[in-house]
Amino acid sequence: MEPRAPHYQDLNEEFNYDKLAIHGNLPSWLEGTLVRNGPAKFTVGERALSHWFDGLAMLHAFSFHGGEVSYCNRYLRSAAYKRVFEKGRLDYEMFAADPCGTRFSRFMTALVRPFSSEKGSIPNANVNVAKIAGEYVALTDLPLPVRFDLSTLGTLGLLEFDDPLRKNRAAGSAHPHYDAKEQATIGYLVEFGRKCRYQFYQIKEGAKLERRVFAQMEVSEPSYMHSFSLTESYAILIEQPLVVNPRKLLLSTRPFIRNFEWRPERGTHFHLFHRQTGKFVGSWVAEPFFFFHTVNAFEEEGVVHVDLFTYKDATAIDAIADFAFADRYPSDAGASKLMRYSLALDGTSITSSTLLPLNVELPRINPAYDARNYTYLYATDLDSPLEQGRGRSLVKIDTKAHTVIPWSQSGCCPGEPLFIAAPGATREDEGVVLAVVLDASGSHTFLLVLDATTFKEVARAEVPLAIPVGLHGEFFERAF
Ligand code: CO
C-alpha cells in the first residue's frame, strides 16, 4: 500500500480516554461536548475507496467538564459498517467512489443502486451531526438522520418522523439551520420520481416529530445541493447546474453523484421563498458555479446578500478529495473563493463580488449571527502541500475588512473550526474556536482551543491517536 494521506488514514479501533493531557489554560466556562463526524475507514485489505466522502462514518466526542477533557470514538453501526467489518466487503451504497477512479481504486464494484438500501437500514451518515427536537443525530445528504447516544456515541437507530414526507428516493441536506427564536430546525428535501420537488420544512420542538413543509417548488431535473441559506425573512435554495434526470437516477447502478451532469448553460439559480407565508418570491440567475457550503445570508436595504465558497465547476468534487493527497497541489478546479451574491428585491438584478480569493473550506460562523448581518467566519485550508516546515492553516476571515488571521503549525492538518460563544458575550467573536488537528507525522492529534478574537492558542488537549481529518461537527452544551 502507498502511504496514507492525512484525510485517508484508517482509524480501526475504538477508544475511551477519561482525561487528556492539557497544555495551556482552558476557559473555565467551557462545558459541554464537541462531537465530530467524518470518514475514518477507506480500506479492506488491499482494496481501497477512491473518494474521501465514502469512508465509514466515525463519531468522536470531546467532553469538557470541570477543567478536564475526555475523548471517545465510535463507528456508526450502519449497513455499510456491517458490510465492511462483518463481511470484509466494500460494496455499500456510495456517494462518489468511482469504479474507474484514480489512485486508490485498485478495486471498486459499486454496483449498488442509489437509494437501494433496505427499508429501515442505517445509512453511512459520515458528514455532520445535529440536535433535532432533542435527539442527537448523525447526518448525510439523505433524509435519514441516525440517532446516537451523546454519552457513549452508541448508534440508536433512525430518527422516525411522524409525517408523510419521503424517506426514500429523496435527498436532504446535511446542513440544517436552527432558528433559536422559533426553536425550529429548518431543512429541505429533494424528491425524485415522476414528478420531482424541492421542499423546505421545519421541525418544531414538541410532542410530534413532524417535518412541516412551508414552501415547495416542482422541478424537472433536480440539482445536487449540499447546503442552503436563510435570512430573517427568506429561505434560499441555490440551484447549481449539476443536475440529474430523475428516471436515470432511479434506475442507475452508479454512485449517487456520478449520475449528475454539469450543465453550465443553465447558470446558477437563487430561488427565494418567504419563510412566513411560503410564497415563492422569485429566482435570480448568476453565472454557473459549483459550491458545497454556504457561509451566511442577510438582508440589507432591499438587497439579499448570500455569501458562499464557490468553485469553477463540479470537478471540485474530485479535486476536494485529491486535496487530501499531500503531494498534489490543487488545479484551478480545486480552488475555492469566498463570494457574495447580492439579489435586488425590487427586480431580478444580481451582482457578485469576491470577498476573498482564498482557497479554504469548511466555513463556520457564530451561530447567533446565522441569517443576520455578520462579520466573521472561520475556515480551514484543505489543500496546501505539507512540505517541510509548513502546515495547513486555520483562518479567521473578516468579511467587512477583507482581512485574514491565520493559525498554523508545521506539518499539521486542522479540520473544521467551530466557534463557541463565551457566556454573556456581547461581541460577535467573543469566545473560542475549537479544531481537531492531526499532526501529519501521523502519530497523534490534538484538540486546539483558540481565542476567537485574537486567533491565538489558549490551550490544547493531546490525543495519542492519529484521528483522520473529518468533515463537520457540533458543540452540545451537555458534558459527559
Ligand atoms: Co458539508
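R36 and E416 form a salt bridge, with their closest N and O atoms 3.0 Å apart. A salt bridge here is a side-chain nitrogen of Lys or Arg within 4 Å of a carboxyl oxygen of Asp or Glu. The model is predicted, so local features need pLDDT of at least 70 and side-chain atom pairs count only at pLDDT 80 or more, while totals for chains, interfaces and linings use all residues. Residues are numbered from 1 along each chain as its sequence is written, and side-chain values use heavy atoms, with hydrogens and water left out.

R36 sits in strand β3 (residues 32-39), and E416 in the loop between β31 (412-414) and β32 (418-421), so this pair ties together parts that are 380 residues apart in sequence. Strands (E, at least two residues) and helices (H or I, at least four) are DSSP runs, numbered from the N terminus. Both R36 and E416 are buried. Buried means under 20% relative accessible area, exposed over 50%, and partly exposed in between, with a 1.4 Å probe and protein chains only. Salt bridges that share partners join R36, R364, E416 and E474 into one network.

The salt bridge count comes to 20. Side chains of opposite charge can pair when their charged atoms come close. One of these bridges links E14 to R77, with the closest N and O atoms 2.6 Å apart. E14 lies in the segment before β1 and R77 in the loop between β7 and α1 (79-87), so the contact ties together parts that are 63 residues apart in sequence. E14 is partly exposed, at 30% relative accessibility. R77 is partly exposed too, at 31%. E182 and K204 also meet in a salt bridge, at 3.3 Å from N to O. Here E182 belongs to the loop between β13 and β14 (184-191), and K204 to strand β15 (residues 196-204), 22 residues apart. E182 counts as partly exposed at 28% relative accessibility. K204 is partly exposed, with a relative accessible area of 40%.

A cobalt ion is coordinated by four histidines. The donor atoms are NE2 of H175, H226, H293 and H472, at 2.0 to 2.1 Å. Donors are N, O and S atoms within 2.8 Å of the metal (3.2 Å for Na, K and Ca); water is not among the atoms, so sites may look incomplete. Angles among the 4 donor atoms run from 90 to 159°, and the site is irregular. Four donors count as tetrahedral if all angles lie between 85 and 135 degrees; four count as square planar and six as octahedral if opposite donors are over 155 degrees apart and all others between 65 and 115; anything else is irregular. Along the chain, the donors follow the spacing H-x50-H-x66-H-x178-H. H175 lies in the loop between β12 (170-172) and β13 (177-179), and H226 in the loop between β16 (212-219) and β17 (229-230), so the pair ties together parts that are 51 residues apart in sequence. H175 is buried at 14% relative accessibility. H226 is buried as well, with a relative accessible area of 6%.

Two strands pair if DSSP finds at least two bridges between them. H60 has N73 of β7 as its bridge partner.

The other open sheet has 4 strands in the order β27-β28-β29-β30, again with antiparallel pairing. β27 is joined by 2 bridges to antiparallel strand β28 (residues 376-380). E361 has T380 of β28 as its bridge partner.

A hairpin is formed by β10 and β11, with 6 residues between them; L153 in the turn has a positive phi of about 65°. β10 (residues 146-148) and β11 (residues 155-158) pair in the antiparallel sense over 3 bridges. The bridge partner of F148 in β11 is T155.

A search of the whole structure finds 0 disulfides, a disulfide being a pair of cysteine sulfur atoms within 2.5 Å. C412 is in no disulfide, and its nearest cysteine sulfur, that of C413, is 7.9 Å away. C412 is buried, at 0% relative accessibility. C413 is buried, with a relative accessible area of 1%.
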